[in-house]
Amino acid sequence: MKTKKLPIILAIESSCDESAASVITPDPKSGHLLVLANIISSQIDIHKKYGGVVPEIAAREHVLNMLPVVNEALLKAKINPKDLTAIAVTKGPGLITSLIAGIETARTLAFAWNKPIIEINHIEGHIYSNFINPKTPINFPALILTVSGGHTTLLLMNKAGKIKIIGETRDDAAGEAYDKAAKMMDLGYPGGPIISKLAAEHGSKPTKIMLPRPMLNSPNFDFSFSGLKTALLYELKKDKAWKKRIPEYCAEYQQAIIDILIHKTLKAALKFQVKTVMLAGGVSANQALRAQMSEAVENKSKQVNFLIPEHEYTTDNAAMIAAAAFYKLKRQRLSNFKKLRVDASLQLK
Ligand code: KG4
Ligand code: ZN
């Protein structure tokens, strides 16, 4: 009897400042996704000195790094290109010049190796980071809070593949709020890990600083973080001794972000009677957010499962793009390299 060939997917991600490639395949027995390789070449050290990502530099670095990263992923996975089922690639949203580097790499390899393409939306990728080694079953409907440097979005998933946006930020993303506050206080880039470390130094002691929680009680599931950033700026301007109180400012600022994220997520979980709540995106690496959200969801209902991606799949990576592609492949959403274009729309298919 002929055994069915299991899919093997190579994925490429280059939407911001990480050149990444990953190879995944399902486990023949359990069907769970096995990450055979997850290679990331980060440009953080290069962009650090500018206080943020410089698109032109990012694009040039991607051009240099993309093929070596793909090669390393295939070598680590011990996979010959001819055995690949498809090549997945992030088609948007992100920095256009960065995206093009990944897209052109995927297009060239698909042509050279005669493989189909699977186009993946970056946010969709973050969502599926939760589908790699999930600690609890993912029951539907599921609610996903995607919080990264570019996005703060609440999504409802009625089954794998059926995704609807129910709320998003009207201005800055949560990660951007961290990055901009860190820049304001001259703490370095990226701001999230630095502010969260300083906030932890302050610990759970009360703070004398009071920052607003914008749109906390708005009658929708949208977010706004730019007012919080401005409020911080005014507080710093008023306080001549702010440099001596940086951990306290970080603690209050981070708590304001977390309060807003938790409040809106719980409200949506209740309204849509979801069975699973998931976090995704770079900000989901935040320990305080992970702990407080987990406790809040658990307190609300013992029947709701709470999932967070493993740490290595929180910030940009290609394993999450491969995971999303695996489910798209199941639904036969294959494309051709000739059709591949940058596209920021969230395909809800
Ligand atoms: O998902 P990601 O790598 O890229 C985008 O798609 O934007 O997220 C990067 C963002 C940055 O804004 C960074 O400051 C934030 O995630 N971040 C964190 C933490 N680690 C990364 N924010 C808060 N706490 C962290 N531990
Ligand atoms: Zn991302």
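## A strand to start with

Which residues point one way from β5, and which the other way? In this predicted model, I117, E119 and N121 are on one side, while I118 and I120 point the other way. Both sets are buried. With 5 of its 5 residues buried, β5 is largely enclosed by the rest of the structure. Here, a residue is called buried when its relative accessible area is under 20%.

## The sheet around it

Let's step back to the sheet that holds β5. It is an open one of 5 strands, in the order β3-β2-β1-β4-β5, with mixed pairing. Its edge strands are β3 (33–42) and β5 (117–121), each of which pairs on one side only. Ignoring direction, neighbouring strands in this sheet are turned by 20 degrees against each other on average. Helix α2, residues 55–77, packs on the sheet and touches β1, β2 (18–26) and β3. The direction of α2 makes about 25 degrees with that of β2.

Strand β4 (residues 86–92) runs parallel to β1 (residues 9–13), and 4 bridges join the two; A11 has A88 as its bridge partner in β4. The strands β4 and β5 also run parallel, joined by 5 bridges. There, T90 has I120 of β5 as its bridge partner.

## Two nonpolar cores

Now for the packing. The largest nonpolar core has 49 residues, and the members that touch the most others are M185, F225 and I257. Elements that each supply at least two residues include β6 (142–147), β7 (152–159), α5 (174–184), α6 (191–202) and β9 (276–280). Helix α8 (246–271) is also among them, and the largest share, 14 residues, comes from α8.

Leaving aside neighbours within four places in sequence, M185 is in contact with I195, L232, L236, W242, I246, Y249 and C250.

## The ligand and its surroundings

Finally, let's look at the ligand. Ligand 1 is surrounded by 19 residues, of which G149, D179, G192, N286 and D316 are the closest.

N286 places a polar side-chain atom 3.0 Å from a nitrogen atom of ligand 1. For S148, a polar side-chain atom lies 3.4 Å from an oxygen atom of the ligand. G175 takes part through its backbone, with a polar atom 3.2 Å from an oxygen atom of ligand 1.

Technical notes: Residues numbered from 1 in each chain as written. Chains lettered and ligands numbered in written order. Predicted model: local features only at pLDDT ≥ 70, side-chain atom pairs only at ≥ 80, totals over all residues. Heavy atoms only, no water. Pairing = 2+ DSSP bridges. Axes fitted to C-alpha atoms, helices over the stretch in contact; angles between N-to-C directions. Contact = heavy atoms within 4.5 Å. Core = buried A, V, L, I, M, F, W, Y, C linked by side-chain atoms within 4.5 Å. Buried < 20%, exposed > 50% of the residue type's maximum accessible area, 1.4 Å probe, protein only. Near = heavy atom within 4 Å. Polar contact = N/O pair within 3.5 Å; in protein donor to acceptor, adjacent residues only side chain to side chain.
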